[in-house]
Amino acid sequence: MPSIATSMPPSKSKSKSIDSNIVTIDVGGQIFQTTKQTLALAGPKSLLSKLADSTHRFIDRDPELFSILLSLLRTGNLPSKAKAFDIEDLIEESKFYNIESLLINSQSNPSQFDAFSLEKSLILPLNGRDSPSAIATTNYGTLHVSHGSKITSFDWSMRKKSTILTHFTAVDSLLALSPGVAAAGATDFSGLQVLDLENGYVKETLNWENVTRSSSTVQAIGSSDKHLFVSFESGRRNSNSIMVYDINSLKPVNEIGQNEIYGTDIESAIPATKLRWVSSYNLLLASGSHSDISKVTGNIKFWDIRSGNVAWEVKDEVDCFSDVTVSDNLSAIYKVGINSGEVSYMDLRKLGDSSEWICLGDGRKMVNGKRKEGFGCKIECHANQVFCGKGGEIELWSEIVMGSRKSREGGPLEERVFRKNLMGRVTDMGGSKITNLSFGGNKMFVTRKGQQTVEVWQSSSRGF
């Protein structure tokens with residue numbers, strides 16, 4: 001006779017193993033069951049991971065909020081029912097269990113940034129009558145805004161707001177070093193100040209010792225993972241330099257691009273007003289421009305900070321840049337021309353070749369444009385896109401991948417193709433002139449001339 005399959009009861013040892021892996025927790029009188037593996041995802045410093053090995057598992061907290069955070073542990077995302085709660089309550093509860101980093105990762109992760117679905121979702125008001133002069137963000141979306149002599153900070157959720165007064169009349173350069181620390185400088189005030197924004201005091205002041213022993217004003221700030229870069233100009237405006245500091249100790253590491261100005265040497269008189277680190281090339285982009293009655297001239301230099309030498313330089317005279325930026329992801333530098341108002345790029349992969357600007361818009365304006373249509377325009381790169389603020393509009397430029405960047409025979413690089421889109425809904429269009437563009441977490445931040453607010457643009461499918 002054929003054998004008959006029967007279900008055998010689990011062995012006592014296997015049942016005991018399963019039971020020992022299950023953790024029962026009483027939260028505010030409501031019973032929850034989960035596994036030790038799930039609780040371990042909270043991290044070794046979290047209260048939840050410690051419960052796995054505890055015999056006393058009662059927590060006098062809100063069980064509904066605990067249910068939301070337990071779902072966050074299980075899936076890495078908040079469940080849809082979380083929208084019924086106030087985000088501030090969830091933040092406070094996550095801090096109690098020491099898992100706020102998991103909440104931030106699920107709600108303000110840079111990987112969630114989607115340029116094509118950004119919409120204006122929030123307006124952040126600022127105290128006082130001063131418009132924003134500079135904005136700075138952290139990777140996960142903490143925002144610092146300078147307006148007049150004040151700096152206002154918003155946490156990653158945009159709910160917690162704090163403001164401090166500084167020594168500056170107005171802050172011209174601002175860089176976020178962490179959610180609670182920023183570097184600030186001004187073109188009419190000596191020294192770079194590293195500010196503790198949470199406690200409202202100056203942690204350290206960095207000065208450049210120039211030959212004339214005059215004050216050293218800050219023209220631009222930049223950073224890499226290891227270094228802080230500061231462009232200084234002497235108070236007498238007859239010398240300038242870029243100082244390199246260790247970003248942790250703030251001790252000077254090197255000095256590059258030092259210029260002493262003699263007579264009418266205009267090129268040496270141009271301090272760097274924008275600094276951007278290009279990590280894939282280990283080079284520092286430093287750009288600055290000068291205007292006289294007849295024209296605007298500028299230069300873009302890529303510095304090797306170890307040797308202190310210029311690896312590549314672009315002198316811009318025809319339709320000089322109003323603003324310039326660089327993209328590691330796209331391996332290119334981008335500018336918006338001050339006369340034409342058009343976006344152009346240079347390919348970083350052709351360093352050392354006789355590179356020239358390739359206009360992405362109407363190339364005729366680069367030569368014939370005389371109206372300074374690009375004056376005050378802003379350009380920034382983020383992820384794989386280029387964002388250009390023209391007047392009250394934001395242009396979004398994206399590269400169209402047509403095929404292999406290189407021919408199969410290893411020949412010359414193929415021509416690159418970019419396409420333009422206008423951002424936002426119809427109701428988001430227009431407004432006062434854009435003065436700042438910045439990015440953090442899954443958000444874009446925009447400020448406008450004469451407005452005492454910051455616009456938060458976020459993907460319509462994301463956010464709380």
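Of the 464 residues in the chain, 48% are buried in this predicted model. The accessible surface of the chain amounts to about 23300 Å², and 48% of that area comes from carbon and sulfur atoms. The secondary structure consists of seven helices and 31 strands. Among contacts with a sequence separation of 6 or more, 50% join residues 24 or more positions apart.

In soluble globular proteins, nonpolar side chains tend to be buried together. The largest nonpolar core of the chain holds 27 residues, and the members that touch the most others are Ile25, Leu48, Phe66, Leu78, Leu90, Tyr97 and Leu103. Two or more residues each are given to this core by strand 1 (22-27), helix 3 (47-51), helix 4 (63-75), helix 5 (87-97) and helix 6 (100-107). The largest contribution is that of helix 4, with seven residues. For Leu103, the contacts beyond four places in sequence are with Leu72, Leu78, Leu90, Ile91, Ser94 and Trp156. Another core, of 17 residues, lies apart from the largest one and includes Leu283, Ile333, Ile338 and Met346.

Asp172 is located in the loop that links strand 8 (161-165) to strand 9 (173-178). With a relative accessibility of 34%, Asp172 is partly exposed, because this value falls between the limits of 20% for buried and 50% for exposed residues. When residues up to four places away in sequence are set aside, Asp172 is in contact with Ala134, Gly185, Ala186 and Thr187. In the case of Thr187, a polar side-chain atom of Asp172 lies 2.8 Å from the backbone nitrogen of Thr187. Ser146 is 26 residues from Asp172 along the chain, and the C-alpha atoms of these two residues are 8.0 Å apart.

Positive phi values were also examined in loop residues. Met158, a residue other than glycine, has a positive phi near 70°. Met158 is placed in the loop between strand 7 (150-154) and strand 8. Its relative accessible area is 7%, so Met158 counts as buried. Asp319, likewise not a glycine, has a positive phi of about 55°. The loop that holds Asp319 runs between strand 20 (309-316) and strand 21 (321-327). Asp319 has a relative accessibility of 2% and is therefore classed as buried, whereas Asp172 is partly exposed at 34%.

Technical notes: Residues are numbered from 1 along each chain as its sequence is written. This is a predicted model: local features need pLDDT of at least 70, side-chain atom pairs count only at pLDDT 80 or more; totals for chains, interfaces and linings use all residues. Side-chain values use heavy atoms; hydrogens and water are left out. Helices (H or I, at least four residues) and strands (E, at least two) are DSSP runs, numbered from the N terminus. Buried means under 20% relative accessible area, exposed over 50%, partly exposed in between (1.4 Å probe, protein chains only). Contact means heavy atoms within 4.5 Å. Accessible areas come from the Shrake-Rupley method with a 1.4 Å probe; for residues, only the protein chains shown count as cover. A polar contact is a pair of N or O atoms within 3.5 Å; within protein, one must be able to donate a hydrogen and the other to accept it, and residues adjacent in sequence count only if both atoms are side-chain atoms. A nonpolar core is a set of buried Ala, Val, Leu, Ile, Met, Phe, Trp, Tyr and Cys residues joined through side-chain atoms within 4.5 Å.
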